[in-house]
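Take a moment with the sequence and the fold before reading on. The walk below goes from the whole chain down to a single pair of side chains.

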Amino acid sequence: MPRNRRPQDREEKREEILAAAQRLFIDDGYESASMGQIAKSAGVTVNTIYWYFRDKDDLLVAVLDRLLAEALAQYTTIADRPLGDRLLWALDQLERLHGLVNTVHTRAPASPAVHAWHTGFHQLADTLVADDLRKAGAAEADLPAMTAIGTFVIEGLLTHRPDDAGKRAVIDLLVHRLTTAPTRT
């Protein structure tokens, strides 16, 4: 491996590559951000990126993991808020990253790495929502369908992008219906 301008910790260099990729993926889009542009922005060669990441999808997954870790850290500060407020917060986070959300949905069928990340993301989101629904008294047998409805609503809001009042109305109705729905016996 060629020496860089200065000795640099492996993890520090990896973080610089991730920061450059994150910035370019968000600002320019995944498809537009070439490995050459990422390398230039990170101050490394393209070959150096491949010492750290198998391919562009592996780099994308690392960026997504980084963004998810940041979001989960922020989520802990609002975890005591009502479910509707937390869902609106999550929707806002996803809207800010709409290009990456679209990229994940586009790349998942073609990339096992992105597909695995996407599946894990939905499992995490479903778990968080199911815990709230369980606390509200939802029947365990109803939780998979109820969390799926929540996912469909969030993805619909991301696609159709109503104004803030429209988002609030949809989320409030969703939470009301999910938390007051009769349970199956």
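What follows covers the overall fold, the annotated regions, the domain interface and the salt bridges.

Keep in mind that this is a predicted model. Start with the secondary structure. The protein chain has nine helices and zero strands. Read from the N terminus, its elements run α-α-α-α-α-α-α-α-α. Along the principal axes, the C-alpha atoms fill a box of roughly 65 × 35 × 30 Å.

Next, divide the chain. The domain assignment gives two parts: domain 1 spans residues 1–53, and domain 2 spans residues 67–180. Their centres, taken over C-alpha atoms, are 30 Å apart.

Now bring in the record. An unreviewed UniProt entry annotates residues 11–71 as "domain: HTH tetR-type". In the model, residues 11–71 are 80% helix and 0% strand. The end C-alpha atoms of that span lie 21 Å apart. UniProt also places a "DNA-binding region" at residues 34–53, again from an unreviewed entry. Residues 34–53 are 75% helix and 0% strand. Here the end C-alpha atoms are separated by 14 Å. Both labels come from the record, and the helix content comes from the model.

How do the two domains meet? About 430 Å² is buried between domain 1 and domain 2. Carbon and sulfur atoms give 68% of that area. On the domain 1 side, Gln-22, Ile-26 and Tyr-30 lose the most area to domain 2. Together these three residues make up 79% of what that side buries. The contact involves five residues from domain 1 and six residues from domain 2.

What about charged and polar pairs at this interface? The rule finds zero salt bridges between domain 1 and domain 2. The domain 1 side that touches domain 2 consists of three nonpolar residues, one polar and one charged.

Salt bridges do occur in the model. A search of the whole structure finds eleven. Side chains of opposite charge can pair when their charged atoms come close. Take Arg-107 and Asp-57 as one case. Their side chains meet in a salt bridge, 2.6 Å from N to O. Arg-107 lies in helix 6 (residues 98–107), and Asp-57 lies in helix 4 (residues 56–75), so this pair ties together parts that are 50 residues apart in sequence.

Methods:
Residues numbered from 1 in each chain as written. Predicted model: local features only at pLDDT ≥ 70, side-chain atom pairs only at ≥ 80, totals over all residues. Heavy atoms only, no water. Domains from an automatic or database assignment. Contact = heavy atoms within 4.5 Å. Buried area = accessible area lost by both parts, 1.4 Å probe. Salt bridge = Lys/Arg side-chain N within 4 Å of Asp/Glu carboxyl O. Nonpolar A, V, L, I, M, F, W, Y, C, P; charged D, E, K, R; others polar. UniProt positions renumbered as here; feature names shortened; annotations may be inferred. Helix = DSSP H or I, 4+ residues; strand = E, 2+ residues; numbered from the N terminus.
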